[in-house]
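Please look over the sequence and the 3D structure below. A brief report follows.

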Amino acid sequence: MSARPLTFVVGTGRSGSTALSRVLNLHRDILSLNELLASVGSEGMPEGTLEGAEFWRLLAEPNPAFDRMIRSGAPIPEFLYPRGPGRFSADTTGIPRLSLMVLPHLTDDPDGLLDELAPRVRAWPRRPVEEQYRELFGLLCDRFGRRAVVERSGFSVGWVPRLRAGFPGAGFVHLHRDGPDCALSMSRHTGFRMISMLEEIHTLLGLEPGDELTPGHARELPPDLAGLLQDPFDSRLVFDRVMPVTRFGQMWSRLVTECLEHLARVPETARMSLSYEDLLDAPERELSRLAGFAGVAPDGEWLAAGRATLDPSRRGASLRLPPDELRALRDACEPGERALAGA
């Protein structure tokens, strides 16, 4: 199977990335892989080789954290599968990783596509996991008549080194947004509120980010954080918790700075910067630039559809904050804004 152009759109999340995936999916030559990395998680791309059946398990087994969010009444808007009828449920079977956000983005029949893929992928021989993913990309390209692949996941900054090592020929697009607007959006998003709370839990317990949390850890935490480790948890712990927006400004600055440090190690010809504000102001110009980088032509019909999909009003929300709160948020975002200006 011939290699197809492969591009990863990376960034903090809450930067217009979901809208961008919808636009990319409208292009007749682009296979838009929506939230694939977020769906499989770090365990979905291990080092070494896998047989086809082992690889399929990584794709088709449920994501326990996402199922727990659904069971708790705290899903994120990016979860597409529960919105329509299907045979999988977070309460019973668990929802396959591919089914939650990736396949519903491509088809109205995600269950049928999952069944179509399963026997083919399971039959693949043992090979490096990166080659298994490339074969999957090619299979989906053939299925939908596409010739270039663009994967886009929110909160994907930490993936850059692994992707660079595993897919050395891939391109990277850094999608970023005005710091205060992005941080404010994070502060209102269930997923980012949970991320912030989990960071607080790890800090209190003296654990490293990503270390496994067990029920025993709950005994060492205050009730408002301990409850988050239950299954299901009370969604009010997430929705009602008072969290200063500056915390998310600091998170945004940290993620942007980290992303730029990772991308600085990528050859200039293999990386591109894309501002959400520029995309709203000049969609045809920016989408044309993105299409060329991804290896496809920016035809006029697609550009018009992209302009119609993007909502130019989704900016400047932070300007409605009280002056003191906005000033503090801008201060929290200043390190990230400075890093972007110097990139």
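## Overall build

This is a predicted model. The protein has 343 residues. Its secondary structure comes to 18 helices and seven strands. The C-alpha trace spans about 55 × 45 × 40 Å along the principal axes.

How does the radius of gyration relate to that of a compact globule? For 343 residues, a compact globule would have a value near 20 Å. The protein has 20 Å, so it agrees with the globule rule.

## Burial, contacts and surface

Buried residues make up 54% of the 343 residues. Of the contacts with a separation of 6 or more, 77% join residues 24 or more positions apart.

Strand β7 gives the largest share, three residues. By type, the lining divides into six nonpolar residues, three polar and one charged.

Arg-71 lies in helix α4, residues 64-71. Its relative accessible area is 30%. Buried means under 20% and exposed means over 50%, so Arg-71 counts as partly exposed.

What does Arg-71 touch, beyond residues up to four places away in sequence? The partners are Pro-64, Ala-90, Asp-91, Asp-231 and Pro-232. Two of these names return in the backbone: a cis peptide bond joins Asp-231 and Pro-232, with omega at about -5°. Pro-232 sits in the loop between α12 (223-226) and α13 (236-239). Most peptide bonds are trans.

Pro-5 gives another reference point for Arg-71. The two are 66 residues apart in sequence. In space, they are 38 Å apart, C-alpha to C-alpha.

## Glu-130

Is Glu-130 buried or exposed? Its relative accessible area is 15%. The limit for buried is under 20%, so Glu-130 is buried.

Glu-130 belongs to helix α8, residues 129-144. Leaving out residues up to four places away in sequence, Glu-130 touches Arg-162, Gly-166 and Phe-167.

## Two residues with positive phi

Most residues other than glycine have a negative phi. Arg-14 has a positive phi, near 60°. Arg-14 is in the loop between β1 (6-10) and α1 (17-25). With a relative accessible area of 21%, Arg-14 is partly exposed.

Phe-155 also has a positive phi, near 55°. The loop that holds Phe-155 runs between β5 (148-152) and α9 (160-166). Phe-155 is partly exposed, and its relative accessible area is 35%.

How values were computed
Residues numbered from 1 in each chain as written. Predicted model: local features only at pLDDT ≥ 70, side-chain atom pairs only at ≥ 80, totals over all residues. Heavy atoms only, no water. Helix = DSSP H or I, 4+ residues; strand = E, 2+ residues; numbered from the N terminus. Nonpolar A, V, L, I, M, F, W, Y, C, P; charged D, E, K, R; others polar. Rg over C-alpha atoms; globule rule 2.2 N^0.38 Å. Buried < 20%, exposed > 50% of the residue type's maximum accessible area, 1.4 Å probe, protein only. Contact = heavy atoms within 4.5 Å.
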